[in-house]
Amino acid sequence: MATTVRRAVLTLPAAPLGPENPLPPLAAPGDVHRPAVPRARDGEELPPAMARRMTWAPLRSLLPVRRRDAYGRHRQRTDLDALVVENDRLRATVLPGLGGRVHSLFHKPSGRELLYSNPVFQPAGFALNGAWFSGGIEWNIGATGHTTLSVAPLHAARVPAPDGGEMLRLWEWERLRDLPFQVDLWLPDGSDFLYVGVRVRNPHHHTAPVYWWSNTAVPEAPGSRVLAPAAGAFHFGYERALRRVPVPVWDGADRTYPLNGQRPADYFYDLPDGERRWIASLDAHGHGLAQTSTDLLTGRKLFLWGSGPSGRRWQEWLTEPGTGGYAEIQAGLAPTQLEHVPLHPGGEFAWLEAYGPLAADPARVHGEDWAAACAEAAGRLEAALPRATVDAAYAAWRPYADHEPKETLAAGSGWGALEVERGRLELPGTPFAEGTLGEEQRPWRELLRHGVLREEGPEPGPSLVSAPWRELLESAGPGPYTAYHLGVAQWHAGDRSQAVRSWEQALRYGCAWPALRCLGAADRLDGHPERAADRYAAAVAEARHARVAHPTATALAREAVEALLEAGRAEEADALLAGVHPTARSHGRFRLLRARVLLARGDAAAARAVFDEGFDVDDLREGERALEDVWFAVAERLVAGDGPVTEEVRDRARAEHPLPVRYDFRMGA
C-alpha cells in the first residue's frame, strides 16, 4: 500500500482564534531566546560562525505580519479540516489550516501514537506574532521562535510521490523574510517512517536570512529519555546566555530525562562532524519516536518544561489538566535555534527528514553508559532506516519537488500570488495562483498595476514594507492611506524621522486615529512618554468619533492605557479603561491593566483584590513577566505602606506574599 492522501475532519474542543490585531506592530519583537551577547556563560567563547549567525539579521519588527492576540480560553467542540497521509504501517493526520501541523502519527502494527497529540486546540502566546498551540510536528520558518504561520492556513495539494504513490504538498510565502517554502509528506509502501522533503527558496537578488526548525512534541512520560549522538550541549535557560554543559549529567542530574529539570530549558546538542543527524525519545520500555535527516539539517535540540511549578503551570495552560505533558525534540538548519543562516540569491535549501517508531533495549538505553545508550539507539535506527536509504530517498525526491500539484486540497493566503506577480517569479512546484488573491491584496495589486493605492473603509488594511513596495508607495499618488502605509514601511526600514513625517502628512490628509496611533507608538519607542500619551489619548477620541470596529477599539485602548501609565497619568488611564467595552474589560489582560491602574493611583489593596478575585491573561506571552512584576509591586507597596520600598521590604514582600501557582509562569530562574 503506497501513500494515499485523503480529506478528513478532526473534532476537538477548540478555543476561538479571534481576529488579527489591526494595529501594525512597530516595535521589535521581544525575543526571549536571544542571548544578550553572543558568548557562552562564564566568558567561554562560542564558535565564531555560531556567534556571527546569532547577531546577523535580527528582526526589526514583525511587519508586514499582524499580531494574533484576540484568542480566548473558552473551548467548544469544533470541526477542523484535516488531511490524512496513510500507508499500511502509518497514518499521519495533518492540519492544513493550522500551519500544516502534523497532529498525529499513528503506528498501526503497535497501536501506538508516536507524538504528543494535544487533545484540545488552545492558542497561547508563543508564536512570534502571538497565537500558537502545542503538540504534533510543526514547521518553523522565518526568525528565531515559533513561526508566524503557526495558526495560519497553508496551500495544500496532492502530488506524485517518487515511488508511484501520492505525496501531500504544503506550501506558503513566509512574509517576515519574503521566502517561499514547501513541505512534501509521503509514506513509501511498507515504510514505518514518514518521509518529509523540505525546500526553502530565495527568488530575490539579495542574500536572505533563513531560519528553520522542525519541532516534534513527544510524550513526557515518567522514565522517558531523549538521546542524540552528543557528549556536550549548549544550555539556554531563559537567562539571556548560553552555557556549554556536558551530556548527559550536569549539575548533579541526568538532563536527558525531561522531568529531571526544574525549569524550562533548551539543550542544543553539539553533534560531531560526520555523525548521522538523529534524535529520539524513548520511554521506560525503550519504545518511542526517532527523527533523522540528511546532513543539511545539522542542529538537534531538547526542550523541556521541567518538573517545577511554573513548568507544570504552562503544561496545564496549553492543554487540559490530567492529559499528560510533553517535551520537544527538534531539528534545525543551524546548531542552535538562535541563529539565521544566509541563503544566496537564487539559491535554495533542501533536505529530507524521516519520522518513525524506534524500539531499543531498555537496559542499554537507560543504563549509566551514555555512549552505549546512544550506540544502541543509533544501531536500532540504522537497522530500521539505514542512513543510505535516507540519502537515496532524498535523491529520488528532488526531481519530484518541481512537479506541479494534481489536485488542490486547501488554500493558503493570497500574499504569495501578489509577490509572484510583482517579481514575475517562476516557482515550479509551488503555484501561487491568481485565484488566491483576496480583498487584503486588492489595493496593493492596484498599486502595482496602476501606481495608485485605493483603499476605502474606516480603517486601513495590512501594510507591506519590503523595499520594492516602499518604492511603489513613494512614487504613488498622494492620499491618506498611502502616506500612512508609507510611514509604516519607512519605520520598518529604520527611517524613523521620515516615517513620522509621513504619518503627520497622513494626519493632514484626514487619516486621523491610525496616524495618531503610529505617532504615539513611535513616541513610546523613542522615549517621549508625555507626547505618546497625548497622541494615544487623541487617537482613542478620534476612533470613538469614527465608531471603529470593536476589535480595533479594544486593541487601541489597551495600548493607550499602557502609554498613559508610562507617562504617570493614572487618572486618565482609569477613565479610558472605564470606557472600554464591558466584554473586553472583563478579559484577563484588561484585569491586569486594572490592577496596574489601581496601584498607580495608590490603592494597593484594591489592586491586590483584583488578583484575589482571579483572572487569566489569555494572550500571556512566553517569557512575559507582567504577572509576577505587578504582583510583587503590589506586595511591596502593601508591606511598605507609606514608606519607601527598600531591599528589606522587597525580601519581606516575597516571603509574605509568594506568587500564587495560578500566576506562576516564570521561565527563568
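Predicted model: local features only at pLDDT ≥ 70, side-chain atom pairs only at ≥ 80, totals over all residues.
Close-up 1. A359 belongs to strand β26, which covers residues 348-359. Skip the neighbours within four places in sequence, and A359 is in contact with G286, H287 and R380. D283 is 76 residues away from A359 in sequence, yet their C-alpha atoms are 9.5 Å apart.

**Close-up 2. Strand β8, covered on both faces.** All the residues here are tucked away: 5 of the 5 in β8 (residues 137-141) are buried, so the strand is largely enclosed by the rest of the structure. In a regular strand, side chains alternate between the two faces of the sheet. On one side of β8 sit I137, W139 and I141, on the other E138 and N140, and all are buried. For a partner, β8 has β14 (residues 212-219), paired in the antiparallel sense over 5 bridges. N140 stands opposite W213 of β14.

**Close-up 3. The second largest pocket.** Its volume is about 780 Å³. The lining takes in 34 residues, with L176, R177, D178, H206 and S466 lying nearest the centre. Elements giving two or more residues to that lining are β13 (208-210), α6 (415-423) and α8 (467-474). By class, the lining splits into 19 nonpolar, 8 polar and 7 charged residues.

Close-up 4. Side chains of opposite charge can pair when their charged atoms come close. R524 is partly exposed at 26% relative accessibility, and E566 is partly exposed at 42%. R558 has a salt bridge too, with D619 at 2.8 Å, N to O. R558 is in helix α13, whereas D619 lies 61 residues away in the loop between α17 (604-613) and α18 (626-640). D619 is buried, at 7% relative accessible area.

Close-up 5. The closest N and O atoms of the D574 and R601 salt bridge are 2.2 Å apart. D574 is in helix α14 (residues 570-578), and R601 is in the loop between α16 (588-600) and α17, 27 residues apart. D574 is buried at 14% relative accessibility, while R601 is partly exposed at 42%. Elsewhere, R6, E86, R91 and K108 are linked in a network of salt bridges. The structure holds 56 salt bridges.

Methods:
Residues numbered from 1 in each chain as written. Heavy atoms only, no water. Helix = DSSP H or I, 4+ residues; strand = E, 2+ residues; numbered from the N terminus. Contact = heavy atoms within 4.5 Å. 1 Å grid on protein atoms, 1.4 Å probe; cavity = no way out; pocket = protein on both sides within 12 Å on 5 of 7 lines; lining within 4 Å. Points joined across faces, edges and corners; volume = space filled by probe spheres on them. Nonpolar A, V, L, I, M, F, W, Y, C, P; charged D, E, K, R; others polar. Buried < 20%, exposed > 50% of the residue type's maximum accessible area, 1.4 Å probe, protein only. Pairing = 2+ DSSP bridges. Salt bridge = Lys/Arg side-chain N within 4 Å of Asp/Glu carboxyl O.
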